[in-house]
Amino acid sequence: MRLFHISEDPTITIFHPRLPERPDLDATKGLVWAINERCLPNYLTPRDCPRVCFHAGEQTTEQDRQHYLAQASHVVVIENKWLEVLKNTSLYLYEFDSNGFTLQDDIAGYYTSELTQMPINVSEIEDIEKALLERNVELRMVDSLWDIHDEIQHTSLNWSMCRMRFAKPRH
């Protein structure tokens, strides 16, 4: 299994556990976060870019596949205003040895480690759109994320919403 961390910072040589901000996690236990390869496209955007991402899972119906996925295996939806930022952002893909990581959330692809981690490889992604396309990911642009945010939660797809606090406000 391959695990990754995506950053806009090309200089990270060591990942120290950080205390989580999520209320569902122990706030006293520092963690290093990683993402599996299947869910990696959810993080191939600028860090603060709000997005709704989805892909088929084991429970996904054929009807949902046909309606939401069309030709791609994975979809990342961003607001139109973020496209220019995406085009001008380079990302750094840090790969970890999976030893020391435990599954935190299978659908989201999250793994965590309580240990300090050093990447085994780092590569630059200069063209995010191309990197998504190479992974059979469709990038969709919308004026507002809230319709797809609300809709996708009632499907059989695996979904993830990231950085929604930076999304345009609901009307």
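Strand β3 is joined to strand β4 (residues 74–79) by 5 bridges, and the two run antiparallel. Strands here are DSSP runs of E with at least two residues, helices are runs of H or I with at least four, and both are numbered from the N terminus. Two strands pair if DSSP finds at least two bridges between them. This is a predicted model, in which local features need pLDDT of at least 70 and side-chain atom pairs count only at pLDDT 80 or more, while totals for chains, interfaces and linings use all residues. Residues are numbered from 1 along each chain as its sequence is written, and side-chain values use heavy atoms, with hydrogens and water left out.

**Strand β3 and its neighbours**

Let us stay with β3 for a moment. Histidine 55 has histidine 74 as its bridge partner in β4. β3 is also joined to β10 by 5 bridges, again running antiparallel, and valine 52 stands opposite methionine 161 in β10.

Is β3 buried or exposed? In strand β3 (residues 51–55), 5 of the 5 residues are buried, so the strand is largely enclosed by the rest of the structure. Buried means under 20% relative accessible area, exposed means over 50%, and partly exposed lies in between (1.4 Å probe, protein chains only). In a regular strand the side chains alternate between the two faces of the sheet. In β3, Arg51, Cys53 and His55 point one way, and Val52 and Phe54 point the other way.

Phenylalanine 54 also brings us to glutamine 153: the two are 99 residues apart in sequence and 9.8 Å apart in space, C-alpha to C-alpha. Glutamine 153 sits in the loop between α4 (146–152) and β10, and is partly exposed, with a relative accessible area of 33%.

**Aromatic pairs**

A pair of aromatic rings is described by the distance of the centres and the angle of the planes. Rings of Phe, Tyr and Trp (its six-membered ring) pair if their centres lie within 6.5 Å; planes under 30 degrees apart count as stacked, over 60 as edge-to-face and the rest as tilted. By this rule the count comes to 6 aromatic pairs.

| Pair | Centre to centre | Angle between planes | Type |
|---|---|---|---|
| Phenylalanine 15 and tyrosine 94 | 5.3 Å | 75° | edge-to-face |
| Phenylalanine 15 and phenylalanine 96 | 5.0 Å | 80° | edge-to-face |

Where do the partners lie in the chain? Phenylalanine 15 is in the loop between β1 (3–7) and β2 (32–36), and tyrosine 94 is in strand β5 (residues 91–96), 79 residues apart. Phenylalanine 96, also in strand β5, is 81 residues from phenylalanine 15. Phenylalanine 15 counts as buried at 7% relative accessibility, and phenylalanine 96 is buried at 2%. Tyrosine 94 is buried too. Ring pairs link Phe15, Tyr94, Phe96 and Phe101 into a cluster.

**The largest nonpolar core**

A nonpolar core is a set of buried Ala, Val, Leu, Ile, Met, Phe, Trp, Tyr and Cys residues joined through side-chain atoms within 4.5 Å. Which members of the largest core touch the most others? Of its 23 residues, they are Ile6 and Leu44. Several elements each supply at least two residues of this core, including β1, β4 and β5. Helix α3 (128–134) gives the most, with 3 residues.
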